[in-house]
Amino acid sequence: MTRLSEVRAEALRALLPPPRLRLSDWIEQEVHLPEGVTAQPGPVRLWPFQREIADAIGDPLIERVTLVKPVRVGFTTLLSSAVASFVANDPAPILCLLPAESDCRDYVVSDIEPVFAASPAVAEALSGDLDEAGRNTLLSRRFPGGSLKVVAAKAPRNLRRHNVRFLLMDEVDGMAPTAEGSPLLLAERRTLSFPDRKIVLGSTPVHEETSHVLRAYAQSDQRVYEVPCPDCGAFSEITWDQISWPEGAPESAFWRCPHCAAQIEERHKPAMIAAGHWRATRPEVQGHAGFRMNALISLHANAAWGKLAVEFAASKDDPTTLQTFVNTILAQGWRSDGDELDETSLAARAEPFGLDPVPAEVLALTVGCDVQHDRLELTYTGWTESGAMLILAHRVIWGSFEADETWHDLDALLSERFPHQLGGRIGIDAAAIDAGDGTTMHTVTSFCRGRTARRIAAIKGAHGNRPVIERAGSKTKTGARLWIVGVDTVKAQLFARLPRAGHVRFSEALPAVWYEQLASERAVVRYSRGQPVRSFERIPGKRAEALDCTVYAVAARQLVTINPDTRRDELGQMQPRTKRPGPVLQSSWMRRT
């Protein structure tokens, strides 16, 4: 190189910004976790597989980072540390998007604020004086050169008001489309004015056909974490089909190398993970780093192969618990077995049990009540210690919902106690009554208001990816309190459990029309504003009272907490048989074909 070339090179280097620490190094130097936030307080020490994820988030040449993640891999700490780095080193408008308002508050209080307070570099960056317009709130923080806002995806207005350079979205598979479209796309539009924007998206996948994070990962360079076999040295991704254990001893699980078939014990895992690396399976994709991992590479004590195998053994026979394992441990999307229920095959499984007496295995009893203008319909559901459902009976109260007699009859039924095969009597532990009809809501909530101690709840169904049941954030106009039932969530659980004998059992007293109504809907995937949405639609010509009542009975189970041993002791105590006055309300209507 000539002297002139050397001078020019020196001049060019002088114009470039000084090299920064890689984000992984900065996190380990500057981010501290206080006691009470983590089991290991002090400076953050990233696991080997976390380092490249952190460096991709901090790399200005990578615009997008997508992470398909399980639980127990420290993504929340990584996300909070990245926010801290942006605040301290590259201040700009930052937006964190989470599914719900409660998620936002919990994230700020449990993760963001402790990291900010315990990390000197961040605390210094936040110490600058701000004018009155820059005052801070819990979910909105301003600092010299930038701001941090943590918002919920449910309200489109949260996304309209901000232009941001850094967009970080967590648990995106829990975000449902809004009236204005996909919250993910709405949020991404707020970054368009920044050519050096950064979009980080992570989630545990839920349903394969509608997963936001799986769709984003498919557009990335699709990296997988591979580790070397201690025996043959070949690199491979650790997957669940490679985990084995001796018959009846899942706690002794081991990994079997797919190359040499060597049996690798858990004690080798830390060294294997330390020597592992990420491999891009689509290296031709530039600017979008995608990472997919499962909990089998986590170094948490609770993610040991043996413990995960024990969890699998306990969950494998129930589709609802198995889905949780597939989603949260294997980080895979769940694919349903079928879209429709077969009423004939369900009815063929009827068994000789009912309410007189209640079977010995039933330890809790809930009722779901559907309110029609001319009748109330009730499905009685028994629950075993293992979580199996026994549909014990269905009853109908004929009468206008406006008539006091109708509600007196309902109160009598919900007060009834039934003989139990263990020798005692069992009452109704909880009931959920549909108040979703705007016409009947006031009547239903008035009935339930004075019966909360008996766990008789007025409920309203809500579609989308929601909890099975949660208390409404505000009261109705009449001052009543509602519970919100995630009807799609419950139906997804039922559609997975119903086809499998043993998970849901049926009384032979149920009429044929009840099964027809139970199978009145089918699961479908529709596109709403360009985004796939999994939902349930009515099959033309069918009524759905039995399905609705069953959904409400499942939701009511979430309101019940019992000690199985104590409940057995109580049910084993002989009690005098008393006959309560009340109408005989078995209806011949349900026997119509």
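Colleague: Which residues in H16 meet residues in H18?

Modeller: Keeping in mind that this is a predicted model, Val487, Val490, Lys491, Gln493 and Leu494 in H16 meet Leu547, Thr550, Val551 and Val554 in H18. By class, this contact has six nonpolar, two polar and one charged residues.

Colleague: Why are H16 and H18 called roughly perpendicular to each other?

Modeller: The axes of helix H16, residues 487–497, and helix H18, residues 545–557, come within 10 Å and cross at roughly 100 degrees. Angles of 65 to 115 degrees count as roughly perpendicular, and the two helices are therefore described as roughly perpendicular to each other.

Colleague: What makes H14 oblique to H15?

Modeller: Helix H14, residues 404–415, and helix H15, residues 441–449, have axes that come within 12 Å and cross at roughly 40 degrees. Because angles under 35 degrees count as roughly parallel and those of 65 to 115 as roughly perpendicular, with the rest, apart from those over 145, as oblique, H14 is oblique to H15. The crossing in which H14 passes H15 is right-handed, and the contact is made by Trp407, Leu410, Asp411 and Leu414 of H14 together with Thr443, Val444 and Phe447 of H15. By class, that contact has five nonpolar, one polar and one charged residues.

Colleague: Why does serine 147 count as buried?

Modeller: Buried means under 20% relative accessible area, and serine 147, with a relative accessibility of 9%, therefore counts as buried. Serine 147 lies in strand E6, residues 146–152, and, not counting residues up to four places away in sequence, touches Ala92, Pro93, Ile94, Arg141 and Arg142.

Colleague: What makes E11 and E13 the edge strands of their sheet?

Modeller: The open sheet has three strands in the order E11-E12-E13, with antiparallel pairing, and strands E11 (243–244) and E13 (263–264) are its edge strands, since each pairs on one side only.

Colleague: How do you know that E12 and E13 pair?

Modeller: Strands pair if at least two bridges are found between them, and two bridges join strand E12, residues 254–256, to E13. Tryptophan 255 has isoleucine 264 as its bridge partner in E13.

Notes
Residues numbered from 1 in each chain as written. Predicted model: local features only at pLDDT ≥ 70, side-chain atom pairs only at ≥ 80, totals over all residues. Heavy atoms only, no water. Helix = DSSP H or I, 4+ residues; strand = E, 2+ residues; numbered from the N terminus. Buried < 20%, exposed > 50% of the residue type's maximum accessible area, 1.4 Å probe, protein only. Contact = heavy atoms within 4.5 Å. Axes fitted to C-alpha atoms, helices over the stretch in contact; angles between N-to-C directions. Nonpolar A, V, L, I, M, F, W, Y, C, P; charged D, E, K, R; others polar. Left-handed = near helix turned anticlockwise from the far one by under 90°.
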